[in-house]
Amino acid sequence: MSPMIEIVGVHKSYGRVHALAGVDLDVAAGTILGLLGHNGAGKTTLVRILATLTRPDRGAARIGGFDVCTQPVAVRRLIGLAGQNAAVDDALTGRENLEILGRLQRLGGRAARQRSAAVLDEFDLAGPADRPVRTYSGGLRRRLDLAASLVGRPPVLLLDEPSTGLDPVARRRLWEQVRDLARSGTTILLTTQHLDEADTLADGVAVLDHGRVIDRGAPADLKRRLGDDRVVVTLARPADFGRAAAALGPLSAVAPVVDAAAGTVTASVRPGRGALAAVVRLLDEARIELADVTVKQPTLEDVYVALTGAPPPAASSAGLAGSRS
Amino acid sequence: MTAVGLAHPNRLPASAFVTDPLAVARRQLLRLARTPQTAIAALTSPVLFLTLFRYVFGGAIPVPGMSYVDYVVPAMLVQNLIFLGFTSAAGLAQDAGSGILDRLRSLPTPRSSLLAGRAVADLLVQLAAMAITVDTGLVIGFRFHAGPGSIAAGLALLVVIGLTLFTVFAAIGLATRNPETVQSLTPPFFLFLFVSSGFIPVATLPGWLQAFARNQPVSIFTDTVRALLDGPAAAHVLDHSAGQYTLICLAWCTGIAAVAGAAALRSYRRL
């Protein structure tokens, strides 16, 4: 079966800025691709090309087999777009927003009303549905924005940094909704700056840097290349740091790093596999009292560092050569 | 809804070219109803300005051979279109800046829906402002001095002028994408509005200004409407017959709409 989203050699420049410098990607039907990258990496440009808002300079993109340049209407029938902007109308109620968008997604009047009501229920928006959107909280607006992209039941969903600016609770909730959609067969491409988001949601991750895909794989593969998590232990008695470092020595991949002034010891551990529990157990056995233990999640920075440290794919070194500070 | 299973997935049904602009127009009118301060300001300003010009400035501006209120009502009708145009441009700029237009452009709706729908909504607001202006005028002494055919032609021409100005303000809104920038563009429009035959007889201006004031489009719009609504009462303050003015006016409208319309469409595609 051909992929639902296909991107072949896509280039796009704005003046002298190469937003996309030859991107190849595909997304199988019913899967989630997380497109990971910094601001300016080209994520939004790619989403805009798939959404038929911008034309590529070179290369081609197809959704459901339809070309975004030559068959834009067919593509628009297949996609839902939601983004960082929460593009809903402030002056209108949530319901009015959805009904009008439903009409523009080729639903009849009655179907638009029914689908809007169904989506409002699904997204737990029935309560505020008849209030003007300007009275909504940020999280509520974003949820409405996502709902708005789904009134026409699109089989493909393009989400541009959907969780930017959301509080952790709203973020979790959005994640659940995205997962539900994928489970019901929707193909999703979502962009994010957060490794944990891509890791939690996506079946596959592509790392975009300076308009190039510098890595591509399952989240687990990507994490394997990341190396170790860091467990930061804050000691109840800073004087214990020497003993703590000794106790953690066998667990840590490199010698634990001690910050005597702050009273912390940082150990590098293999991710997962009960690493945190092991740290706590070792310190407990050594009778060292803890004030705090945190696991530092790998970040997008760490991904880049890991990718530069790794032996090339050529694209990787090329993508990172001009890396901004 | 999927494209799979449609005979021509890349085509839109003909009905979309009617239903979708109407859906957009409905949105605009709902927005207007929800932000009544905008609607009230737009619809009361003709009452305010007309009363002001009739009773405050009018007394100091003699127009030979006709009452000032008859002279100024056509100018007020044209002024409305410009004032409402700024509201429209600011709204469009806001939509363009906020991502709402991106969303609309990603939907399987004709690309013309958005602009056509806004034009319909703007037209209805313009008609309301026109009715309010004429009614206010009638209360404070304005009278039609032309035949019914001529009056109907004058009002129809106001609709044409309104649609022409819509293309100008759509181009401004889409090019700036920022309501504040739109507001900053008012001074040149005030120049066209006031250095015109709208509020004073052009003959009172210094000679070097007269050529501009007589021939610039806002003067042509006003004098055309004036010729058609005031009929013989205004003939002696006008340079041409009603028929000639109508032709000149339509020529201006065609030219302006062609240039501004193309600019608006270009900005819309490139958003």
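**Notes on the two-chain model**

1. Starting with helix 1 of chain B: its residues B:Asp20, B:Pro21, B:Leu22, B:Ala23, B:Val24, B:Ala25, B:Gln28, B:Leu29 and B:Leu32 meet B:Ser113, B:Leu114, B:Ala116, B:Gly117, B:Arg118, B:Val120, B:Ala121, B:Leu124 and B:Val125 of helix 5 of chain B. Sorted by class, this contact holds 13 nonpolar, 3 polar and 2 charged residues. Bear in mind throughout that this is a predicted model.

2. The geometry of that pair: the axes of helix 1 and helix 5 (residues 113-139) of chain B come within 7 Å and cross at roughly 50°. Angles under 35 degrees would count as roughly parallel and 65 to 115 as roughly perpendicular, so helix 1 of chain B ends up oblique to helix 5 of chain B. The crossing of these two helices is right-handed.

3. Next, helix 3 of chain B against helix 6 of chain B. These two pack at an angle of about 30°, with their axes 8 Å apart. With the cut-off for roughly parallel set at under 35 degrees, helix 3 and helix 6 of chain B are therefore roughly parallel to each other. Their crossing is right-handed.

4. Who touches whom in that pair? On the side of helix 3 of chain B you'll find B:Leu77, B:Val78, B:Leu81, B:Ile82, B:Gly85, B:Phe86, B:Ser88, B:Ala89, B:Ala90, B:Leu92, B:Ala93 and B:Ala96. Helix 6 of chain B answers with B:Leu158, B:Ile161, B:Gly162, B:Leu165, B:Phe166, B:Val168, B:Phe169, B:Ala170, B:Ile172, B:Gly173, B:Leu174 and B:Thr176. The contact of helix 3 with helix 6 of chain B has 19 nonpolar residues, 5 polar ones and no charged ones.

5. Helix 3 (residues 68-98) of chain B also packs on helix 10 (residues 217-230) of chain B, at an angle of about 130° and with the axes 9 Å apart. An angle would have to be over 145 degrees to count as roughly antiparallel, so helix 3 of chain B is oblique to helix 10 of chain B. Helix 3 of chain B passes helix 10 of chain B in a right-handed crossing.

6. The residues behind that contact are B:Asp70, B:Pro74, B:Ala75, B:Leu77 and B:Val78 from helix 3 of chain B, and B:Val218, B:Phe221, B:Thr222, B:Val225, B:Arg226, B:Leu229 and B:Asp230 from helix 10 of chain B. By class, the contact of helix 3 with helix 10 of chain B splits into 8 nonpolar, 1 polar and 3 charged.

7. On to where the chains meet. The contact takes 29 residues from chain B and 29 residues from chain A. On the chain B side, the elements giving two or more residues are helix 1 (16-34) and helix 4 (100-105) of chain B. Which element gives the largest share of that side? It's helix 1 of chain B, with 8 residues. The side of chain B that touches chain A divides into 11 nonpolar, 9 polar and 9 charged residues.

8. Chain A in outline: it has 12 helices and 14 strands, and of its 325 residues 48% count as buried. Among contacts in chain A with a separation of 6 or more, 69% come from residues 24 or more positions apart. The domain assignment gives domain 1 (5-224) and domain 2 (228-296) of chain A, with 41 Å between their centres, taken over C-alpha atoms.

9. Two backbone spots to check. Most residues other than glycine have a negative phi. A:Arg106, though, has phi near 70°, and B:Arg177 has phi near 55°. Are these two buried or exposed? A:Arg106, in the loop between helix 3 (94-104) and helix 4 (109-122) of chain A, is buried because 22 other C-beta atoms lie within 10 Å. B:Arg177, in the loop between helix 6 (148-176) and helix 7 (179-184) of chain B, has 18 C-beta neighbours inside 10 Å and so counts as partly exposed.

10. Last, A:Asp203, placed in the loop between helix 7 (195-201) and strand 9 (204-209) of chain A. Having 15 C-beta neighbours inside 10 Å, A:Asp203 counts as partly exposed. Leaving aside neighbours within four places in sequence, A:Asp203 is in contact with A:Thr31 and A:Ile32. A:Asp203 and A:Val27 are 176 residues apart in sequence and 9.7 Å apart in space, C-alpha to C-alpha.

Technical notes:
Residues numbered from 1 in each chain as written. Chains lettered and ligands numbered in written order. Predicted model: local features only at pLDDT ≥ 70, side-chain atom pairs only at ≥ 80, totals over all residues. Helix = DSSP H or I, 4+ residues; strand = E, 2+ residues; numbered from the N terminus. Buried ≥ 20, exposed ≤ 12 C-beta atoms within 10 Å, placed from the backbone. Contact = placed C-beta atoms within 7 Å. Nonpolar A, V, L, I, M, F, W, Y, C, P; charged D, E, K, R; others polar. Axes fitted to C-alpha atoms, helices over the stretch in contact; angles between N-to-C directions. Left-handed = near helix turned anticlockwise from the far one by under 90°. Domains from an automatic or database assignment.
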